[in-house]
Amino acid sequence: MPRPHVLAAAAAAAAGIVAATVPAAAASVNFTDQTATLKVADGVASWMTYYFSYYDWTGENGAWDQSILQWHESAMYFNSILQYMDYSGNYGMVDFVSKSMYYATKDNGDFLFGCTGSCGGRWNDDIGWWALAAQSGSELFGSNTVISSTAGSSRAWSYVANFTLYQMLQNEDSLCGGGVYWSRD
């Protein structure tokens with residue numbers, strides 16, 4: 001069952017993204033009306049896939065065209081779509097998101113593709129967004145559910161989320177009171 005207050009917040013944020021890039025989408029919406037909010041969320045979720053590059057999906061990195069959207073922003077979009085599916089009950093994009101997340105990890109559960117040092121622009125905050133999307137998938141589909149059975153995945157949503165957080169913690173130290181480095185360099 002959709003959670004109206006959370007759905008309204010997610011739809012408002014997504015509508016803001018669309019309104020910032022597509023002026024015609026800046027129409028007035030009553031976010032206290034669940035039906036109106038779901039209608040906006042449906043439109044935004046569909047719009048989000050418009051610029052997706054299927055070349056990247058099948059052969060490269062499971063992300064949107066990086067001349068349009070930065071790599072980590074793709075993770076934010078996937079997380080938004082996963083939350084939209086959870087709140088709306090509309091699972092029409094499950095295959096799209098699942099396959100994309102599968103290709104983003106090359107099925108080894110690793111957004112860094114085995115890199116342990118400098119990782120070509122993939123920093124801890126970047127992979128953190130991907131971990132958040134994987135955690136949303138784990139909550140939505142179940143922690144032991146594989147990311148994409150249609151693509152041949154062997155990694156569960158929860159494994160990918162936990163492994164990514166483990167990778168981030170590899171860059172932890174106690175300097176300046178402790179923390180995790182932003183950059184992996």
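**Helix packing and the nonpolar core**

Of the 185 residues in the protein chain, 42% are buried (under 20% relative accessible area; exposed means over 50%, and partly exposed lies in between, with a 1.4 Å probe and protein chains only). The model is predicted, so local features need pLDDT of at least 70 and side-chain atom pairs count only at pLDDT 80 or more, while totals for chains, interfaces and linings use all residues. Residues are numbered from 1 along each chain as its sequence is written, and side-chain values use heavy atoms, with hydrogens and water left out.

The protein chain holds seven helices and two strands. Both kinds of element are DSSP runs, numbered from the N terminus: helices are H or I with at least four residues, and strands are E with at least two. Along the sequence the pattern reads α-α-α-α-α-α-α-β-β. Contact means heavy atoms within 4.5 Å. Among contacts between residues at least 6 apart in sequence, 61% join residues at least 24 apart.

The largest nonpolar core has 36 residues. Such a core is a set of buried Ala, Val, Leu, Ile, Met, Phe, Trp, Tyr and Cys residues joined through side-chain atoms within 4.5 Å. F78, V97, M101 and W130 have the most contacts inside this core. Two or more residues come from each of α2, α4 (71-88), α5 (94-105), α6 (124-141) and α7 (157-169). Helix α4 gives the most, with eight residues. In soluble globular proteins, nonpolar side chains tend to be buried together. V97 touches F78, I81, L82, M85 and W157, when residues up to four places away in sequence are not counted.

Axes are lines fitted to C-alpha atoms, for helices over the stretch in contact, and angles run from 0 to 180 degrees between N-to-C directions. Helices α4 and α5 pack at about 145°, with their axes 10 Å apart. Their crossing is left-handed (the near helix is turned anticlockwise from the far one by less than a right angle; clockwise would be right-handed). In α4, F78, I81, L82 and M85 meet V94, F96, V97, S100 and M101 of α5.

F96 sits in α5. At 10% relative accessibility, F96 counts as buried. F96 and F78 are 18 residues apart along the chain, and their C-alpha atoms are separated by 9.4 Å.

Helix α5 also packs on α6. The two axes come within 12 Å and cross at roughly 135°. Helices α5 and α6 are therefore oblique to each other. Angles under 35 degrees count as roughly parallel, over 145 as roughly antiparallel, 65 to 115 as roughly perpendicular and the rest as oblique. Helix α5 passes α6 in a left-handed crossing. V94, M101 and A104 of α5 make this contact with W130, A133, A134 and F141 of α6.

On α4, a further partner is α2. The axes of α2 and α4 come within 11 Å and cross at roughly 145°. This crossing is left-handed. From α2 the contact uses L38, A41, D42, A45, W47 and M48, and from α4 it uses Y77, S80, I81, Y84 and S88.

Helix α2 spans residues 34-48 and includes T37. T37 is buried, with a relative accessible area of 2%. The side chain of T37 reaches the backbone oxygen of F31 at 3.3 Å. A polar contact is a pair of N or O atoms within 3.5 Å; within protein, one must be able to donate a hydrogen and the other to accept it, and residues adjacent in sequence count only if both atoms are side-chain atoms.
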